Structures are given as C-alpha cells and as structure tokens.
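Please open the model in your viewer and keep the sequence beside it, so that each stop on this tour can be selected in turn.

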Amino acid sequence: MEAQTLSVTNFFSVLHSSTQYVRPMPPSLVETRRGHDYKGQERKGARHKFAKCDAPDAEARSDVMAEPDQNGKIFVGQSTKPEFLDLRFGNRHGLVAGATGTGKTVTLQVLAEGFSRAGVPVFAADIKGDLSGIAAPGEPKEAFVQRAKAMGLDYQPDEFPVVFWDLFGEQGHPIRATVFEMGPLLLSRMLDLNDVQEGVVNIAFRVADDDPELKRAGADVKAGALVDLKDLRELLSYVGKESKDIGSRYGNVAVPSIGAVQRQLLVLENQGGTQFFGQPALDINDFMKTDRDGRGVINILAADRLMENPRLYATFLLWLISEMFEQLPEVGDPEKPKLVFFFDEAHLLFNDAPKALLDKIEQVVRLIRSKGVGVYFVTQNPLDVPEKVLAQLGNRVQHALRAFTPRDQKAVKAAADTFRPNPQLDAAKAITELGKGEALVSFLEGNGVPSPVARAMIRPPSARVGPITAEERRKIIAGSRLRGKYDHAVDPESAYEILQRRIQSRAAEQEEAPPPEQPSSGGLGGVLGDIFGGRQQGRRSGRMSTTEVVVKQVARSVAATVGSQLGRALIRGVLGSLGGKR
Ligand SMILES: Nc1ncnc2c1ncn2[C@@H]1O[C@H](COP(=O)(O)OP(=O)(O)OP(=O)(O)O)[C@@H](O)[C@H]1O
Ligand SMILES: [Mg+2]
C-alpha cells in the first residue's frame with residue numbers, strides 16, 4: 001500500500017497520537033436526560049448541553065469530546081483530522097454511497113443524529129427497518145466504545161425524538177395526499193401510463209378544475225373535489241361519457257385509454273393506493289418540528305412494504321420534495337438547514353425515468369436548496385445518480401466498493417474522480433480497501449469548496465444501531481404529539497358524490513319528462529358499468545340513452561359556466577410539470 005494511504009492499523013495509531021480529542025469530559029458538561037437506565041448501569045448522561053458548544057471559542061476548545069459536534073458543525077468521523085459537516089452547507093446536498101454492508105445506514109444515522117442535535121428536523125425512509133433504532137438509546141457495545149475511544153470520544157448512549165410514518169398506517173402515522181395534490185403528471189408516473197393515457201388524466205384534471213361545483217367541493221379548499229382514488233375513477237367515467245363535448249373543449253379524449261387508466265388505478269389500489277390518497281392530507285409543517293429540548297424531530301417513513309412497489313416509493317418521495325419546494329419560503333443561505341431529507345435506495349428515483357422527469361428532478365434538487373432543504377442520496381453505486389444531480393451533491397461519504405468486474409472498476413474510478421484530489425491519498429485504491437464504517441469523505445468548507453478527499457473512520461452513532469421492537473414502536477406512536485391528527489381517514493363530499501348525484505338528479509328529471517328516445521336500460525349503473533366493466537364502446541349509432549342525454553346536458557351547463565383560466569392542477573410548481581409532455 002502506498003505510504004500516504006492510511007491502513008486501519010496506522011489510522012488508529014494516528015488517532016491515538018492525536019491529543020486534541022482525548023481529554024476526559026468535564027462533569028460540568030454532562031446533562032442527564034430522560035433517565036434511561038441501560039441494563040442497570042448508572043447513566044452518566046446522554047449528551048452534553050449543546051449550548052456549551054455554541055461558545056464563540058468552541059472551535060478552540062478541546063473539552064467537547066463526548067459530543068464533539070462543534071459550533072455549527074456535525075462531527076462525522078476522524079481521518080488524520082476530525083471530519084465535520086458544516087451546517088451552513090447542510091442544504092448543499094449530499095451522497096452516501098457504498099456496497100452492501102459497508103456502513104451506509106449507520107452513516108445516515110450519524111448524520112441524522114447530528115442534524116437533530118443541531119435542531120434540524122430530518123426526514124428519512126427506512127428501507128429495512130434498521131434506522132428505527134435511532135429512537136432508542138444505543139448500547140455500549142465493545143466495538144462502539146473502542147471505536148469512539150479511538151476518536152477521543154467517550155461513548156455516550158443517546159436517543160432521539162422520532163415520529164414514525166407509514167403510507168399503510170401500520171408502523172406509523174398514515175401519510176396521505178389528495179389526488180389533486182399529486183397532480184396529473186406524477187400520478188401518470190405512479191400509474192405507469194403512456195403518453196396518450198397521460199393525456200386523458202390531464203384532461204380529467206382540467207375538467208375538475210373548470211367545473212364550478214367540483215371546485216367548490218371538498219373539506220380542503222386546496223384539494224377541491226379530487227381527494228381519493230374513487231373521485232378520480234368517477235371523474236374518468238364522466239370524461240369517458242362526455243368525451244365528445246369534453247374533447248371539443250380540451251382536445252381529443254382517447255376513450256379506449258380511459259379503460260386502461262382505470263385498470264392501472266385498480267393495480268394502484270391493490271398496492272395500497274386506497275389508503276394513501278385521502279384526507280386528512282399531510283401537513284408538511286408536521287415534518288418541521290423540534291422537541292422541547294430544541295432537537296430536530298427525525299421523521300422515519302416505514303418503507304419496507306413500500307419497497308415492494310418501487311414506483312410508488314419513488315413517486316411518493318418525489319411528491320414530498322415537490323410539496324416542500326412549493327410550500328416552503330425562500331431562505332437563501334441559512335445558518336443551518338430547515339429540513340434534511342434522506343433518500344435511501346436513490347437509484348429507484350432515476351431508474352427508467354424519462355428524460356423530462358430527470359431534468360425536473362435535477363432542477364428541483366438545485367432549487368430546493370434555497371428553501372433550506374438538504375437532500376442526501378443514499379445508494380450503492382454513485383453511478384446510479386445522474387451526473388447533473390451528482391454534481392450538485394456537495395457533502396460526500398463514499399464507503400467501500402468492490403472491484404471484481406470491469407464494470408465495478410469503472411464505478412470505483414468514477415467515484416474516486418468525483419472527489420477533490422488529495423495528493424496524500426490514492427482515492428481509487430482506498431475505496432476498495434475501506435473497512436466497515438470507514439469511508440472516503442469530503443465536505444464543503446470555507447467558502448463552500450469541497451475539502452480534499454480524506455480516509456475517515458465514521459464515528460459510532462449514539463442511538464441504537466438496528467431496529468426497535470414492535471412494542472417500542474407502538475409506545476412511541478402512542479405517545480406521539482401527532483396522535484389522533486392523521487390516524488383516521490375522513491371521506492369528504494367530493495367528485496365521487498357530486499358526479500353521482502348530478503347524474504342521478506338529471507336522470508330523475510328526465511324520467512319526469514321522458515324524451516322521445518328509447519329509455520335507458522343502464523341509468524347510473526349503466527354509466528359505471530360501461531367504465532368499470534371495460535365496456536367503453538362509444539355511442540350507439542346516432543342514438544343516446546337517457547343517461548347519455550343527461551350527462552351531455554350537464555356537461556353543456558358546466559361548459560357554459562367555466563372560465564377560461566388555466567387549471568390550477570396544471571399550473572402547479574416545478575414538479576407539478578414533472579415529465580410533462582407538451
Ligand atoms: N460508523 C460505524 N460505527 C460502528 N459500527 C458501524 C459503523 N458503520 C457500520 N458499522 C457496522 O457495520 C454494520 C453494517 O452497516 P450498515 O447496516 O450501515 O451497512 P449498509 O451499507 O447500510 O448495508 P446495506 O446496503 O445492506 O443496507 C452495522 O450493523 C454496524 O455493526
Ligand atoms: Mg443499509
């Protein structure tokens with residue numbers, strides 16, 4: 001091995017020779033909190049008062065060992081020097097990469113703990129359930145104690161304020177969005193629609209937007225009448241029935257495609273979409289909380305089941321970023337981020353994504369920075385992330401990569417090349433040699449330039465590594481400040497009810513004064529049957545059923561009252577036009 005490259009052995013000797021971080025912790029800095037007793041041990045104190053680190057001379061002090069985050073900086077690990085993530089650049093995004101089992105999730109946990117300690121709320125998807133341990137105090141395992149000691153740290157167990165979320169409402173508070181909020185373009189991606197089918201969904205949103213009665217509806221003004229999937233179904237049926245009139249206003253409605261969209265909706269429903277779409281919808285502000293101690297709340301999304309449907313997972317997270325982007329104010333360059341978002345299994349976001357979508361992701365990642373939101377991608381291979389996005393990730397932790405095949409070797413080289421070189425270190429060589437919990441790191445410093453790549457031992461987290469038990473989770477959920485707010489879905493009056501009633505009342509009117517035409521054999525059931533049964537055959541030659549007459553009249557009256565304003569659904573923010581095909 002090259003002289004400059006630190007092996008694990010000489011790495012530790014370097015650590016031990018460093019005196020800066022080995023002074024014992026003064027008792028005055030110890031604060032006992034929450035009274036946890038670790039297997040009968042006397043607890044000395046879980047953490048230090050952060051205020052101590054806020055002293056102007058904090059950087060110069062060496063008495064911050066047990067919790068060595070410094071003023072405005074998160075201690076991430078130790079190379080030949082301590083490695084910090086500067087909170088001023090926390091919104092300049094980041095990357096945690098590495099082969100399986102190399103320490104990505106633990107690094108994610110270390111960063112999340114650091115942000116929380118600094119009062120920055122965090123959102124992270126928990127793919128394997130092993131991030132949930134952050135809610136429970138760590139155990140002073142020998143390996144952790146030794147690792148801490150080698151960095152001059154006094155291992156102190158700690159736990160963090162966590163809010164659990166779950167799209168399926170089982171392992172946390174349910175997260176819901178309305179169909180309207182999701183918007184036509186993300187929905188189309190979620191449903192894996194082709195261009196023509198996407199066009200149908202776009203038109204349906206326009207129809208809902210321009211219909212005064214639908215617009216007024218809904219408990220949530222923002223959502224209007226498009227709340228859940230049955231609203232969308234009903235609306236699509238309506239569009240199908242009224243394709244001629246609607247088509248003349250909004251462009252050709254591809255009627256056979258409506259059936260295809262309905263079938264895709266069914267798939268989504270079976271995958272849990274029924275629970276996801278509805279009200280009360282998520283209020284982004286509930287992610288942005290701090291606890292009584294001023295620590296940022298760590299929002300953990302149970303993603304194990306969600307991962308069975310990667311498209312739902314990816315679209316959901318994209319939606320979340322887009323909501324943040326749309327709702328949060330501009331903050332420029334804050335002292336610390338407003339929220340940090342960890343995107344595990346990040347390759348799913350980019351896999352098979354059309355170019356238009358990739359462009360938008362790149363754009364959002366770039367723009368969301370000024371809202372004070374940091375996005376950290378966690379993935380096995382840095383090549384999973386498109387170059388334009390990768391170029392924006394200022395804070396990097398690269399764990400070991402294997403280099404068995406030429407493709408592996410290419411990834412190693414690419415990963416090494418994305419770092420600012422360090423003449424002391426052969427990055428490509430080091431990547432293949434890194435041990436568990438060891439990484440090449442580079443963080444933005446000074447005026448926002450990346451530090452030269454360094455080979456660092458990542459600190460052990462303070463909270464538990466590994467999952468919490470179902471019982472622990474249950475207790476945390478039961479004690480959550482958000483308990484009751486999202487737990488029960490409400491079903492407000494929306495498109496489903498309104499359109500059904502509209503059709504029924506028109507049908508009743510028609511019965512009082514029957515038209516000369518043959519009476520309908522279908523009525524409401526006919527309309528729905530046509531759609532749900534896939535019998536969307538278009539009109540019978542020249543003759544209309546009562547229902548068709550009714551629906552057509554309704555559509556005319558609607559058309560007469562609609563304004564020419566551009567639909568709200570279509571002028572959503574930057575991600576609202578995701579994948580937009582114009
Ligand atoms: N910084 C660290 N301090 C102490 N132990 C660590 C550290 N990083 C990793 N480890 C050890 O390595 C194990 C594997 O790490 P981790 O689960 O983070 O890997 P991973 O890269 O997320 O793997 P996967 O791709 O399978 O999810 C951990 O359970 C822990 O025991
Ligand atoms: Mg992991």
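In what order do the twelve strands of the open sheet lie, and what is the pairing? Select the strands and follow the order S4-S3-S16-S13-S12-S5-S11-S10-S6-S9-S7-S8, in which the pairing is mixed. Two strands are said to pair if DSSP finds at least two bridges between them. Strands of a sheet pair through backbone hydrogen bonds, either parallel or antiparallel. The edge strands are S4 (82-86) and S8 (173-174), each of which pairs on one side only.

Before going further, note how the model is to be read. This is a predicted model, in which local features need pLDDT of at least 70 and side-chain atom pairs count only at pLDDT 80 or more, while totals for chains, interfaces and linings use all residues. Residues are numbered from 1 along each chain as its sequence is written, and chains are lettered from A and ligands numbered from 1 in the order in which they are written.

**The whole chain**

Now show the whole chain, which has 20 helices and 16 strands; helices (H or I, at least four residues) and strands (E, at least two) are DSSP runs, numbered from the N terminus. Of its 582 residues, 50% count as buried. A residue is buried if 20 or more other C-beta atoms lie within 10 Å of its own, exposed if 12 or fewer, and partly exposed in between, with the C-beta atoms placed from the backbone.

**Strand S7 and its partners**

Select strand S7 (residues 162-166), where five of the five residues are buried. Val162, Phe164 and Asp166 point one way from this strand, whereas Val163 and Trp165 point the other way. S7 pairs with strand S9 (residues 298-302) in the parallel sense over four bridges, and the partner of Val162 in S9 is Ile298. S7 also runs parallel to S8, to which two bridges join it, and there the bridge partner of Trp165 is His173.

**Helix H15 and what covers it**

Which residues of H15 are buried? They are Ala411, Val412, Ala415 and Ala416. These residues lie on the same side of H15 because they cover an arc of only 130° around the axis, the arc being that of the directions from the helix axis to the C-beta atoms. On the face turned away from that buried side, look for the exposed residues Pro406, Arg407 and Asp417.

The cover over the buried residues of H15 includes strand S5 (94-97), strand S12 (395-398) and helix H16 (427-433). S5 and S12 pair with each other in the parallel sense over four bridges, and Gly94 has Asn395 in S12 as its bridge partner.

**Around ligand 1**

Select ligand 1 and the 16 residues around it, of which Gly103, Lys104, Thr105, Val106 and Gly437 come nearest; a residue is near a molecule if its C-beta atom, placed from the backbone, lies within 6 Å of it. Helix H3 (104-117) and helix H4 (142-150) each supply at least two residues of this shell, and H3 gives the most, with three residues. The shell divides into five nonpolar, seven polar and four charged residues, where Ala, Val, Leu, Ile, Met, Phe, Trp, Tyr, Cys and Pro count as nonpolar, Asp, Glu, Lys and Arg as charged, and the others, Gly among them, as polar.

**Val201 in helix H6**

Go on to Val201, which is in helix H6 (residues 195-210). Why does Val201 count as buried? Val201 counts as buried because it has 27 C-beta neighbours inside 10 Å. Leaving aside residues up to four places away in sequence, Val201 touches Pro184, Leu187, Ser188, Leu193 and Val261; contact here means that the C-beta atoms, placed from the backbone, lie within 7 Å.

Asp192 is in the loop between helix H5 (179-190) and H6, and its phi is near 55°, a positive value in a residue other than glycine. Glu345, in the loop between strand S10 (339-344) and helix H12 (347-350), has a positive phi near 50°. Finally, select Pro280 in the loop between helix H10 (255-276) and S9, where a cis peptide bond, with omega about 0°, joins Gln279 and Pro280.

Notes: Two residues are in contact if their C-beta atoms, placed from the backbone, lie within 7 Å.
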